[in-house]
Amino acid sequence: MRSWKLPAFVVFALVVMMVATGCRGPRQRALTKEQERIVSESVLTAQPTPQVPIGANFDDKLRLIGVDVDKAEVRPGDSVTVTWYWESLAEATGDWKLFVHFEGRGRREPFDHDPVGELMPINRLKPGQIIKDVQVLRVPADFPEGEVKIWTGVFDIGALRERQQDIRMVITNAGELKVPNEPNNRLLAAVVNVSKNAKADSKAKVTPPAPTKADRKPRRYTVN
C-alpha cells in the first residue's frame, strides 16, 4: 500500500485550526447594533424600585429583586408585560434558564427564556450586574377565564434535555420571603385575572396569600 503525506503547509493550517477551536469555548454570537443597544439599556446602574419587591436568593448566584406587571386584567388573546429585575451575585456556570409558569384553572403556559429576549444567558452575566428583563406574555385565545398565577424560578435546561432531570436553583432564603414559594423552588411573582371583559387600562396589582409553613423549607428539586 502506498503511503502519503500531507504538504507541510496543510499540516500547519490544521494544527492552527485545532488549537484555535480546542482551546476556546463556542464563539459568542455577534450582536447587531440594535441588540447591543437593548443589552446596554437593560443593564441598570442603580438599584430599581419594583412594583413588587421580592428579594429571592437563588443558590447565591442570582437574586430576583422584584417585578413590575403592566395590568391586573388581560383578555384571552391579548398580552401582559412582566418586567423582571435580576441581580447577578456570582458566576453561574452551567446551562441555566429562567422558567415562567402562567397558571390558572388547571392550565399552564410555559414562558421559559434567557433574560433580555435571549440576549443575556445566565452563564454570561457578570457578578454585580442588575438586569431589567422585559417579557411579554401572550395569553392564548382559548385560555380559561379566572385568576392566574405567574410562577418563576431557575432550572438547568441541559439536565432536562439530556437526562430528563428537573434540577433547579434552590431559593436559599425561602422562609424570609413575603411571597409564596414552594419546596420545588419556584415562587409566586404575580397574580392577574384573565377576563373577556378586561379593561385595557386596568392597573396591575399583586395579591398573593401569605406564605404557609409548608412553603418555608427550601430543598434541591430533582426528578429522575
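Trainee: What makes the contact between K97 and D114 a salt bridge?

Mentor: The closest N and O atoms of K97 and D114 are 3.5 Å apart in this predicted model. The cut-off is 4 Å between a side-chain nitrogen of Lys or Arg and a carboxyl oxygen of Asp or Glu, so the pair of K97 and D114 counts as a salt bridge.

Trainee: Why is this pair said to tie together separate parts of the chain?

Mentor: K97 belongs to strand 6 (residues 96–104), while D114 sits in the loop between strand 7 (107–110) and strand 8 (130–138). The two parts that the pair ties together are therefore 17 residues apart in sequence.

Trainee: Are K97 and D114 called buried or exposed, and how do you know?

Mentor: Buried means under 20% relative accessible area. K97 has 15% relative accessibility, so K97 counts as buried. D114 has a relative accessible area of 11%, so D114 is buried too.

Trainee: What makes E34 and R37 a salt bridge, and where do they lie?

Mentor: Their closest N and O atoms are 2.4 Å apart, and the limit is 4 Å, so the pair of E34 and R37 qualifies. Both residues lie in helix 2 (residues 33–42), three residues apart, which is about one turn of the helix.

Trainee: Why are E34 and R37 not called buried?

Mentor: E34 has 42% relative accessibility and R37 has 38%.

Trainee: Which other residue does R37 bridge to?

Mentor: R37 also forms a salt bridge with E41, with the closest N and O atoms 2.9 Å apart. R37 and E41 are four residues apart in helix 2, so about one helical turn separates them.

Trainee: Back to strand 6. What makes strand 6 mostly covered?

Mentor: Nine of its nine residues are buried. On one side these are W96, L98, V100, F102 and G104, and on the other K97, F99, H101 and E103. Why two sides? In a regular strand the side chains alternate between the two faces of the sheet.

Trainee: How do you know that strand 6 pairs with strand 9 (residues 146–156)?

Mentor: At least two bridges are needed for a pair of strands. Eight bridges join strand 6 to strand 9, and the two run antiparallel. Among the facing residues, V100 stands opposite T152 and L98 stands opposite V154.

Trainee: How do you know that strand 6 pairs with strand 7?

Mentor: Four bridges link strand 6 and strand 7 in the antiparallel sense, and at least two are required, so they pair. One of the partners is P110 in strand 7, which bridges to H101. The two strands form a hairpin with two residues between them, and R105 in the turn has a positive phi of about 55°.

Trainee: What makes strand 4 (73–74) and strand 7 the edge strands?

Mentor: Five strands form an open sheet in the order 4-10-9-6-7, with mixed pairing. Strand 4 and strand 7 each pair on one side only.

Definitions and conventions:
Residues numbered from 1 in each chain as written. Predicted model: local features only at pLDDT ≥ 70, side-chain atom pairs only at ≥ 80, totals over all residues. Heavy atoms only, no water. Buried < 20%, exposed > 50% of the residue type's maximum accessible area, 1.4 Å probe, protein only.
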